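Visitor: Hi! I have a structure open and I'd like to talk it through with someone. Could you help me read it?

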Amino acid sequence: RADRLPAYSDKKMVQAELDSQIAMLEAREREFEAARLQQRALHLSDRQAELRDELNRIADEQLQLASELDVSKQKEHHHQRLAARCRRDLEQLEARRGELAEAAQA
C-alpha cells in the first residue's frame with residue numbers, strides 16, 4: 001500500500017497538470033475566437049459604412065435626377081403652352097388674311 005501511494009499521488013499530479021494545460025489551451029482558444037469575432041465585427045462595420053456611403057450617393061443622384069426631370073417637365077409644359085399660343089396666333093392671322101382677302105375683292 002505504501003508503494004501505491006506515491007504512484008497514485010504522481011497520477012493525481014499528472015492529471016492536475018494535464019487539466020491545467022487543457023484549461024490554458026481552452027482559454028487561449030476563447031481569446032483567439034474573441035479576437036477573430038472582433039476582427040469580423042470591424043470588417044462588417046467598415047462594410048456597413050461603405051454601403052451607407054453608396055446608399056447616400058444613390059439617394060443624392062436620385063434627387064438630382066428628380067430635379068432634372070422636374071425642370072424638363074416645366075420646359076415641356078412651357079413649350080406646349082408656347083406651341084398652343086403659336087397655333088392660336090396662326091389661326092387668327094389666317095382668319096385675318098381671309099378677312100383682308102375678302103375686303104380686297106369687295
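Visitor: Let's start with Arg-81. Which helix does Arg-81 lie in?

Guide: Arg-81 lies in helix H1. Keep in mind that we are looking at a predicted model.

Visitor: And is Arg-81 buried, exposed or partly exposed?

Guide: Arg-81 counts as partly exposed, because its relative accessibility is 48%.

Visitor: Which residues form a positive surface patch?

Guide: Arg-81 is one of them, together with Arg-85, Arg-87 and Arg-88.

Visitor: Okay, what about Glu-91? Where does Glu-91 lie?

Guide: Glu-91 lies in helix H1. Its relative accessible area is 53%, so Glu-91 is exposed.

Visitor: Why does 53% make Glu-91 exposed?

Guide: The cut-off for exposed is over 50%, and Glu-91 has 53%.

Visitor: How far apart in space are Glu-91 and Ser-67?

Guide: Going from C-alpha to C-alpha, they are 36 Å apart. Along the sequence, 24 residues separate Glu-91 and Ser-67.

Visitor: New topic: salt bridges. How many does a search of the whole structure find?

Guide: The search finds five. Let's go through some of them.

Visitor: How are Arg-36 and Glu-33 placed in the helix?

Guide: They are three residues apart in helix H1, which runs over residues 4-105, so about one helical turn separates them. Arg-36 counts as partly exposed at 41% relative accessibility, and Glu-33 is partly exposed too, with a relative accessible area of 33%.

Visitor: Which side chain meets Arg-47 in a salt bridge?

Guide: The side chain of Glu-50 does, at 3.2 Å from N to O. Arg-47 and Glu-50 are three residues apart in helix H1, which means about one helical turn lies between them. For accessibility, Arg-47 is partly exposed with a relative accessible area of 41%, while Glu-50 is partly exposed with 45%.

Visitor: And which residue forms a salt bridge with Glu-61?

Guide: Arg-57 does, with the closest N and O atoms 2.9 Å apart. Both Glu-61 and Arg-57 lie in helix H1, where they sit four residues apart, about one turn of the helix. Salt bridges that share partners also bring in Glu-54, so that Glu-54, Arg-57 and Glu-61 are joined into one network.

Visitor: Nice. Are Glu-61 and Arg-57 buried, exposed or partly exposed?

Guide: Glu-61 counts as partly exposed at 42% relative accessibility, and Arg-57 counts as partly exposed at 41%.

Visitor: Now zoom out. How many helices and strands does the protein chain have?

Guide: The protein chain has one helix and zero strands. Its radius of gyration is 45 Å, well over the 13 Å that the globule rule gives for 106 residues, so the chain is more spread out than a compact globule.

Visitor: What box do the C-alpha atoms fill?

Guide: Taken along the principal axes, the box is roughly 155 × 15 × 10 Å.

Visitor: How many of the 106 residues count as buried?

Guide: The share that counts as buried is 0%. The protein chain exposes about 10,200 Å², and carbon and sulfur atoms supply 55% of that area.

Visitor: One last thing: how far apart are the mean positions of the positive and negative charges?

Guide: The mean positions are 3 Å apart, for 19 positive and 22 negative charges in the protein chain.

Definitions and conventions
Residues numbered from 1 in each chain as written. Predicted model: local features only at pLDDT ≥ 70, side-chain atom pairs only at ≥ 80, totals over all residues. Heavy atoms only, no water. Salt bridge = Lys/Arg side-chain N within 4 Å of Asp/Glu carboxyl O. Helix = DSSP H or I, 4+ residues; strand = E, 2+ residues; numbered from the N terminus. Buried < 20%, exposed > 50% of the residue type's maximum accessible area, 1.4 Å probe, protein only. Patch = residues over 30% accessible without salt bridge, like charges linked within 9 Å, V, L, I, M, F, W, Y side chains within 5 Å. Areas by Shrake-Rupley, 256 points an atom, 1.4 Å probe, with all protein chains shown as cover. Lys, Arg positive; Asp, Glu negative; His and termini not counted. Charge placed at Lys NZ, Arg CZ, Asp CG, Glu CD. Rg over C-alpha atoms; globule rule 2.2 N^0.38 Å.
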